[in-house]
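Subject: Structure handover

Hello,

Please find the structure below, with the sequence. My notes on the contacts between the chains and on a few parts inside them follow it.

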Amino acid sequence: MPADPRIAPDIVCKGLAKRFGDVVAVDPLDVTFRGGQTTALVGPSGCGKSTLLRLVAGLERPDAGSIRIGDDTPDAVRAQAGLAIAFQDPSLLPWRTARGNVALAQRLAGQRVDAAAIDAMLDLVGLDGFFDARPGALSGGMRQRAAIARCLITQPRLLLLDEPFGAVDELTRRKLSEDLPPIWQARGTTTLLVTHSVTEAVLLSQRVLVFSPRPARIVADIAIDLPDPRPGQETTPAFIDLAEQVSAALIGGEGPSPRRLAAQ
Amino acid sequence: MTQFGLTRRHVLGAGIATVGAFAALPRARAQAQTPLRMQLSWLHSVQFGGSYIAQDQGLWEAEGLSVMLDPGGPNAPVEPPVVSGQALVGISAADYTAAAVAQGAPFKILGVAMQKNPFVITSLPANPVNEPADLVGKRIGMALANTPVLQALCTLNGVDIDGIEIVPTQYSAEPLIAGEVDCLLNWETDLPVAMAVQGVDSVTMLMADHGYALHSQTYIATEDSIANRRAELVGLMRGETRGWDIYRQDTDAAADMTVARFPDLGLDPEVQRLQAARQVPLMFSDLTDEHGFGWFTEDTVAANIETLALLGQTVTADLWDRSILEEVHAS
Amino acid sequence: MTPTAAAGAMRMRVPRLALGPIMVLVAWQGLAVAVPGDFLVAGPWEVAGHLWQNAGLYFRALQTTLAAAATGFLIGNLLAVALAALALLLPRAEALIAGLALLVFCLPLVATGPILRVLYGPGTGPQVTLAALAVYYTTFVPVLVGLRATPAAWLDLVRSYGRGRFAMLWHIRARAALPYLVAGLQIAAPAAFLGAMVGEFTGAERGMGILTLQAMRGLDTEATWTLATVAAAVSIAAHGGIGWLARHALSEPPPVLLAPPQTGSGPGLWSGLRGILVVGVVAIALWWALLQIAGLNPFFAKGPGDVWAFLVSGPGADENRATLLAALAETTGALGPGYFAGMAMGAALAVVVTLAPALSAVVMPVAIALRAVPIVTTVPLLVLVVGRGPVGSAALVAVMVFFPTLVACLYGLQRAPGQVLDVMASYGAGRGKALLYARLPAMLPAFFAAARMAVPAAVLAVTVVEWLATGRGLGALMAVSASLSDYGTLWSATVLTAVLAALVYGIVARIERRVLAVFASEQAQ
């Protein structure tokens with residue numbers, strides 16, 4: 001998918017390093033995320049991929065190295081409300097309605113609160129009829145839909161998703177990953193997706209980066225060249241092959257496994 | 001932080017504003033009045049009945065003064081507002097004034113409302129204390145802070161204070177009635193009155209009748225005021241003098257007026273009437289009949305200096321200044 | 001019908017909420033009948049009659065005092081919220097702000113009253129100020145905790161749009177702190193009423209405090225009990241009203257405060273001492289500066305230098321110190337036992353109520369009433385009952401400490417994780433074992449939070465009761481020294497009281513932090 005570098009710039013990380021006390025979260029790392037693409041980051045728990053996401057968002061300061069989003073620093077992009085982030089926990093404010101939570105993003109982004117756009121967005125993510133419900137009255141999946149609506153309402157250039165479907169049950173998860181990604185993919189928003197699920201990574205991205213255990217190193221860089229739409233392809237040989245590659249890299253990254261030794 | 005910037009002008013301004021509220025009263029006249037304040041030593045009650053008469057009957061107004069009476073209370077010392085000039089005159093007592101002067105306050109006693117100190121020993125008729133010697137072997141309820149007072153009484157009458165058991169009590173007649181103590185150190189004009197109204201008979205021994213000479217309900221002002229605000233002081237004291245003379249003629253009327261004037265204080269008319277009558281013998285004597293209300297002499301001052309010495313306070317006759325009263329009573 | 005069935009049927013007929021107050025009234029009337037003499041106890045019947053006859057008087061007094069209390073309540077709580085916001089926005093100054101706030105809160109009413117009266121002159125200035133001073137700290141502490149108790153993800157959300165601390169405060173923290181504010185406001189309501197009443201002691205023409213003084217002097221038992229009843233009713237109504245408003249306005253119940261403020265004492269002893277030093281230096285500087293600005297007469301306004309001379313360098317300093325230390329010893333003698341007894345009773349009753357939940361309908365209204373009666377009306381009652389020795393002072397301190405401890409401990413006991421209790425049950429452990437191994441450890445953080453907040457309350461109680469009733473200790477010393485113009489003693493005793501209260505508070509907070517680290521590690525930081 002060709003992307004306009006002005007709306008969907010590349011993200012270039014050079015010599016990026018971050019440690020928390022004695023724990024090295026990110027070793028010097030060089031990586032470029034291509035504009036307009038969805039890049040999935042997979043790796044074992046605690047490998048530093050979430051830290052990488054937070055570094056790109058400017059929520060953490062790198063100890064060394066640099067991040068450029070197009071010509072801008074993460075801080076500059078944040079200041080222009082050019083990015084949006086979603087967490088495993090939907091992090092909705094319990095005292096605001098679904099509408100109110102989405103409106104808050106526009107307010108924080110310094111944009112005019114556009115009631116019509118908010119309703120349209122909530123409708124788009126499938127929350128029709130729950131506009132004025134508070135988070136306490138919503139199911140886990142519905143809360144995540146509201147969180148995605150909140151991310152998208154500000155029209156970000158960069159979308160950072162940290163296991164957004166990680167806290168819901170399997171059935172809901174499948175439903176969400178069918179419904180929601182097309183919304184942002186249609187806009188060509190540059191997206192980084194941290195996930196534990198190999199299937200989800202292959203299903204939702206154009207490229208999968210597999211990370212080693214801490215400190216994060218990239219052990220595989222796999223292009224996903226499946227045609228869209230993806231849902232329904234999970235059982236095709238091409239999909240299964242890509243998923244196998246990702247899994248193998250993931251297991252390989254853990255250290256020598258019996259299977260890998262046997263393959264040698 | 002405006003409250004810390006409170007200046008005399010603010011205070012006077014507030015005084016004028018309050019006077020303005022009183023302007024609705026029919027007696028108020030348009031003539032210029034000098035506003036000033038007098039700090040009372042306790043909550044409003046008939047204890048200050050003469051002052052209310054002076055205010056009500058326009059006695060101060062006739063002197064060109066608009067006097068505000070500031071109530072005291074258990075947490076309202078009289079001396080600070082007088083020192084700081086908020087109040088021109090305060091109602092104190094010789095011992096408190098002496099203590100303040102020892103701490104550097106430039107006070108003089110201008111007049112003495114209570115010629116006889118109101119401290120009494122109150123007991124029940126079944127087990128009475130009629131004279132100081134009766135105290136021996138008794139339990140007396142009082143504030144520990146008043147121990148010097150009891151000590152002075154004992155010294156004056158050759159009684160051994162160690163023979164008396166001091167029980168610290170709050171200022172209430174209840175311990176006496178409940179039998180926790182045999183007697184109380186208190187004022188002639190409050191607890192015995194409360195007991196009488198509740199139907200409890202009591203015996204009181206006035207300490208002033210046994211050598212305890214200490215001017216009470218004294219008018220104090222600073223040396224600076226005496227030098228520079230003489231006319232106001234004379235006017236204030238003249239109003240007081242006349243008010244108290246009227247008071248004396250009908251204490252019941254004074255009590256009823258006090259109750260009507262302060263409907264929110266929960267004053268008991270009966271208590272006020274009794275108190276009003278009981279304070280007359282303390283305030284008026286042959287001396288005041290001869291020279292006028294508030295008077296004191298070298299002799300009474302000397303007796304006070306003696307008692308104060310027993311209380312551990314060294315003062316000279318300079319503490320008293322009769323010049324204002326002399327002007328008042330000369331006219 | 002079996003006894004339990006009968007009890008159940010009775011519960012059906014009498015709503016549980018009404019059961020407690022009814023039993024309180026019955027017990028009270030019984031006490032009034034049983035206690036000999038006319039001057040000790042007035043029963044609810046007499047109180048009602050007295051109130052009926054003097055309705056206008058009490059209404060006007062209540063109006064006056066409520067107006068001052070409400071104004072002070074508003075100002076004090078606004079100040080508390082502003083201070084908490086300031087502490088949040090200036091994290092480096094937080095220890096200083098919290099330390100100064102605590103120190104000012106610990107200034108005894110006995111001493112601040114006269115000074116305020118001189119500052120304001122006539123009017124309700126002291127009443128309003130004392131009410132505000134009585135409430136601001138107990139709101140400041142929970143609001144600051146509430147402002148901090150926000151999930152990190154909410155704050156990341158704000159940051160991800162390039163917004164800073166002010167946006168976090170405005171959009172997230174302010175609203176998230178509301179339940180904590182409510183918890184503070186509930187404590188503040190009776191405190192404001194007390195402050196306004198004590199303010200009237202500095203000279204006023206009407207009000208509940210004035211009527212209390214008249215009743216004490218006039219041996220008016222009915223009036224004394226009526227005042228206590230009215231004051232308690234107002235406080236309970238305010239406590240309940242704020243709770244009711246909160247339940248309707250908030251989706252979440254008011255929390256019981258557990259997390260300690262990170263005041264002064266960081267992890268190391270040295271940084272703790274340094275914090276105390278900074279607070280001390282700034283407090284002394286402010287004290288000096290305020291005296292200069294206010295231009296108060298040095299006769300009664302003593303500065304840091306005067307107090308130093310009085311206690312250390314001046315003539316008679318040894319004697320002065322001896323006087324103060326003797327008074328301090330007396331005060332501590334009542335304060336310590338009362339404090340520990342109140343804590344122990346509160347915790348014990350919480351355990352009892354947890355083991356026998358049916359009791360709470362009886363226990364809680366009594367506890368709330370005890371706590372809600374302003375201390376100046378309790379003093380004469382308690383002295384009537386317990387006497388005026390150190391026991392009376394200690395008993396009053398215990399009452400002041402008891403209720404917050406009970407509430408906090410109940411909350412803590414119920415906080416034992418359900419799964420842990422299930423594990424216990426699966427081993428067939430009874431209530432006792434579950435209490436010992438699961439509930440009591442879960443209670444400890446709440447217990448220590450209550451212990452910390454109870455320190456200033458206990459100091460307030462002991463100085464007031466010494467002043468008004470027993471005539472011993474620091475409270476009496478301060479009152480007497482004010483009447484004798486001995487302002488050196490007054491200011492020194494004031495400083496001593498405030499510093500000691502703040503230090504004890506700090507020590508309890510330190511113990512609390514240790515305990516939290518073990519028993520509630522998620523709250524320790």
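The side chains of C:D156 and A:R54 form a salt bridge, with N and O 2.6 Å apart; a salt bridge here is a side-chain nitrogen of Lys or Arg within 4 Å of a carboxyl oxygen of Asp or Glu. One salt bridge is the count between chain A and chain C.

Before the rest, the conventions. This is a predicted model, in which local features need pLDDT of at least 70 and side-chain atom pairs count only at pLDDT 80 or more, while totals for chains, interfaces and linings use all residues. Residues are numbered from 1 along each chain as its sequence is written, chains are lettered from A and ligands numbered from 1 in the order in which they are written, and side-chain values use heavy atoms, with hydrogens and water left out.

Chain A and chain C

In this interface, 24 residues of chain A are in contact with 15 residues of chain C, contact meaning heavy atoms within 4.5 Å. The size of an interface is often given as the accessible area lost when the parts come together. For chain A and chain C the buried area is about 1,800 Å², and carbon and sulfur atoms give 64% of it; buried area is the accessible area (1.4 Å probe) that two parts lose on being put together, summed over both.

Five residue pairs, both residues at pLDDT 80 or more, are in polar contact across the interface of chain A and chain C. A polar contact is a pair of N or O atoms within 3.5 Å; within protein, one must be able to donate a hydrogen and the other to accept it, and residues adjacent in sequence count only if both atoms are side-chain atoms. On the side of chain A that touches chain C, the elements giving two or more residues are α2 (74–79), β5 (83–86), α3 (98–108) and α5 (140–153) of chain A. Helices (H or I, at least four residues) and strands (E, at least two) are DSSP runs, numbered from the N terminus. The most comes from α3(A), with four residues. By class, this side of chain A has 16 nonpolar, three polar and five charged residues. Nonpolar covers Ala, Val, Leu, Ile, Met, Phe, Trp, Tyr, Cys and Pro, charged covers Asp, Glu, Lys and Arg, and the others, Gly among them, count as polar.

Chain C and chain B

Here 51 residues of chain C are in contact with 52 residues of chain B. The two chains bury about 4,500 Å² between them, 60% of it on carbon and sulfur atoms. The count of salt bridges between chain C and chain B is two. One salt bridge joins C:R60 to B:D264, with the closest N and O atoms 2.3 Å apart. Seven residue pairs (both at pLDDT 80 or more) are in polar contact between chain C and chain B.

Several elements of chain C give two or more residues to the side that touches chain B, among them α4 (55–89), α13 (269–294) and α20 (431–470). α6(C) gives the most to that side, with eight residues. The residues of this side of chain C divide into 31 nonpolar, eleven polar and nine charged.

Chain C as a whole has 23 helices and zero strands. Of its 525 residues, 55% are buried, that is, under 20% relative accessible area, with exposed being over 50% and partly exposed in between (1.4 Å probe, protein chains only).

Inside chain B

Strand β10 (residues 216–222) of chain B is largely enclosed by the rest of the structure, because seven of its seven residues are buried. β10(B) pairs in the antiparallel sense with strand β3 (residues 89–92) over three bridges, pairing requiring that DSSP finds at least two bridges between two strands. B:S92 has B:T218 in β10(B) as its bridge partner. Strand β4 (residues 107–114) also pairs with β10(B) in the antiparallel sense, over six bridges, and there B:K108 is partnered by B:A221.

Strand β2 (residues 65–70) of chain B is mostly covered, with six of its six residues buried. B:L65, B:V67 and B:L69 point one way from β2(B), and B:S66, B:M68 and B:D70 the other way. β1(B) runs parallel to β2(B), joined by six bridges, and B:M38 stands opposite B:L69.

Regards
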